[in-house]
Amino acid sequence: MREAAIFILLTGLIIIARADSNDCQALNFGHGSVVCACNATNCDSVGRVVLPDPGQFVSYVSSKTGSRLVRSQGQFQENSTGAALRITLNPSQKYQRTKGFGGAMTDAAAMNILSLSSGAQDQLLRQYFSPDGIEYRFVRVPVASCDFSTRLYTYADTPGDYDLQNFTLAEEDIHMKIPLLQRAQALSAQPLNLFASAWSAPAWLKTNGALTGKGSLKGKPGGKEHKTWAQYYIRFLEEYGKYNLSFWGLTSGNEPTAGQMTNYSFQALGFTPETQRDWIALDLGPALHSSSFPKTRLIILDDNRLLLPHWAKVILSDVQAARYVHGIGVHWYLDSLVPPDITLSTTHHLYPEYFLFATEACSGWKPGDRGVRLGSWDRAEDYARDIIQDMNNYVTGWTDWNLALNQDGGPNWVKNFVDSPIIVDPSKDVFYKQPTFYIMAHFSKFLWEGSQRVGVSFSQHTDLEISAYIRPDSSAVFIILNR
């Protein structure tokens, strides 16, 4: 490689002088580090990345002490001596290619963004989607309501409407999510990759007659309820298409194991891997294939990775179901229970033609550590570690949960309050960019679509956590976490 641009994430005890060009308006709320406050007229921005001259590298550093994507440039040495750690890039060891990074446009996220003035709304959307921002490429869109809504609803609440004659989008779609997605797309230099996830079928299609709690589809795969639920997805794609919004992919349903739990508190639809397999083979797969959206990618699981590789084996070993599937979606919530190589790498080696993709993650969900922690550096390191682990085990991209929440971590109708990379305070017309926002930036800004993970080795033992890539422009990217 003639050129090498190295983008580095360093954290922990390393202290870097603040750069004048980084206009973070730092506020400390006592949670380990700072947030950067933004309003309609002022917000720090990483800006557009320019590669250095051949023989030089550029680094971007974020740290607990308050550095946020601080840029510096240096010269490669021809030879070096001494006991310093040497990290060696091995481009001949090639692994998976990157798809991208993003977050979710939930009802709650849309409500929070729209609670700001129009200028602050634009500023927030630019931070996520514009070439001067962190250039998110993926947006997850809930199909009808989820817990991060203010009410329970679906698009077909008329009992017995198997032909979906009364299917209609909600006010939350038409007046909130769709306009914001259109604005995000207008800001992005490339087409956004939207993917859809449904939480629950209409209550009249379900065994328990409710959107919440333990319940699955009535009847059996191939039956009228299962066919109606498959067509519900198609209708969603058609209705959003009327607003010039097309979908890169859809998942077979959010957290299918939740709908198998007694007294589950919010929207869910239960599937076992066997019933999901048969529904895809007999209903959803054929419906997608014969619709106007045959190239829309179908992602199975959309649940915690500890369900792998079993869930993938059940579905992908079935020829009829596997022919319709493109990828496997994983959530991060129970990642500490099972090592990534046992779940992710094992699944990749069994089914290398299906991509692995992280579809949901957030901080502040654990009992005893709930809700918003403004400036939490521990949560930022949790994000960085999980993304590096996932990517080093064949995951192709990583999607955060809500794009923006309020200071309570909502709204959420069941009070399942969590944290978000951007927290909105409409009373002051400001939003706060959390340390997790900058962690996402270290990946989304520098790992272009098509960047290929490559091998890396060390001259001695190190506790640094590292992932290395060659981008389509032949520049090299190191992402390094020092906890």
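**A parallel barrel and its aromatic pairs**

Asn393 has its place in the loop between helix 9 and strand 15; helices (H or I, at least four residues) and strands (E, at least two) are DSSP runs, numbered from the N terminus. The model is a predicted one, in which local features need pLDDT of at least 70 and side-chain atom pairs count only at pLDDT 80 or more, while totals for chains, interfaces and linings use all residues. Residues are numbered from 1 along each chain as its sequence is written, and side-chain values use heavy atoms, with hydrogens and water left out.

With a relative accessible area of 10%, Asn393 is buried. Here buried means under 20% relative accessible area, exposed over 50%, and partly exposed in between (1.4 Å probe, protein chains only). The side chain of Asn393 makes a polar contact with the side chain of Ser345, at 2.7 Å. A polar contact is a pair of N or O atoms within 3.5 Å; within protein, one must be able to donate a hydrogen and the other to accept it, and residues adjacent in sequence count only if both atoms are side-chain atoms.

In it, 8 strands close in the order 6-7-8-9-10-11-12-15, and the pairing is parallel. Two strands pair if DSSP finds at least two bridges between them. Neighbouring strands of this sheet are turned by 30° against each other on average, direction ignored; the axes behind this angle are lines fitted to C-alpha atoms, for helices over the stretch in contact, and angles run from 0 to 180 degrees between N-to-C directions.

Strand 8 and strand 9 run parallel and are joined by 3 bridges, with Leu250 in strand 9 as the bridge partner of Ala196. On to strand 10 (residues 297–304), strand 9 again runs parallel, with 3 bridges. Leu250 has Leu298 of strand 10 as its bridge partner, and Thr251 has Ile299. How well is strand 9 covered? Strand 9 is mostly covered, with 5 of its 5 residues buried. Strand 10 is also mostly covered, as 7 of its 8 residues are buried. Strand 10 in turn runs parallel to strand 11 (residues 327–331), joined by 5 bridges, and Leu301 stands opposite Gly329 in strand 11.

Helices link these strands. Strand 8, helix 4 (residues 224–241) and strand 9 make a right-handed β-α-β unit. A crossover is right-handed if, with the strands pointing away from the viewer, the path from the first strand over the helix to the second runs clockwise. From strand 9 the chain crosses through helix 5 (residues 273–289) to strand 10, and this β-α-β crossover is right-handed.

Beyond strand 11, Leu337 is found in the loop between strand 11 and helix 8 (340–350). Leu337 is exposed, with a relative accessible area of 60%. Leu337 and Leu306 are 31 residues apart in sequence, and 7.5 Å apart in space, C-alpha to C-alpha.

The structure holds 37 aromatic pairs; rings of Phe, Tyr and Trp (its six-membered ring) pair if their centres lie within 6.5 Å, and planes under 30 degrees apart count as stacked, over 60 as edge-to-face and the rest as tilted. Phe195 and Phe357 form an edge-to-face pair, at 5.8 Å centre to centre with 85° between the planes. This pair links distant parts of the chain, as Phe195 lies in strand 8 (residues 193–198) and Phe357 in strand 12 (residues 355–360), 162 residues apart. Both Phe195 and Phe357 are buried.

Tyr383 and Trp398 form another edge-to-face pair, at 5.1 Å centre to centre with 65° between the planes. Tyr383 lies in helix 9 (residues 377–391) and Trp398 in strand 15 (residues 395–402), so the pair ties together parts that are 15 residues apart in sequence. Tyr383 counts as buried at 1% relative accessibility, and Trp398 is buried with a relative accessible area of 1%.

One aromatic cluster includes Tyr153, Trp229, Phe247 and Trp279. Charged ends also meet rings: Arg453 lies over the face of Tyr394, at 5.2 Å from the ring centre, and the charged end of Arg471 sits over the ring of Trp448, 3.7 Å from its centre. A charge sits over a ring if NZ of Lys or CZ of Arg is within 6 Å of the ring centre and within 35 degrees of the ring normal.
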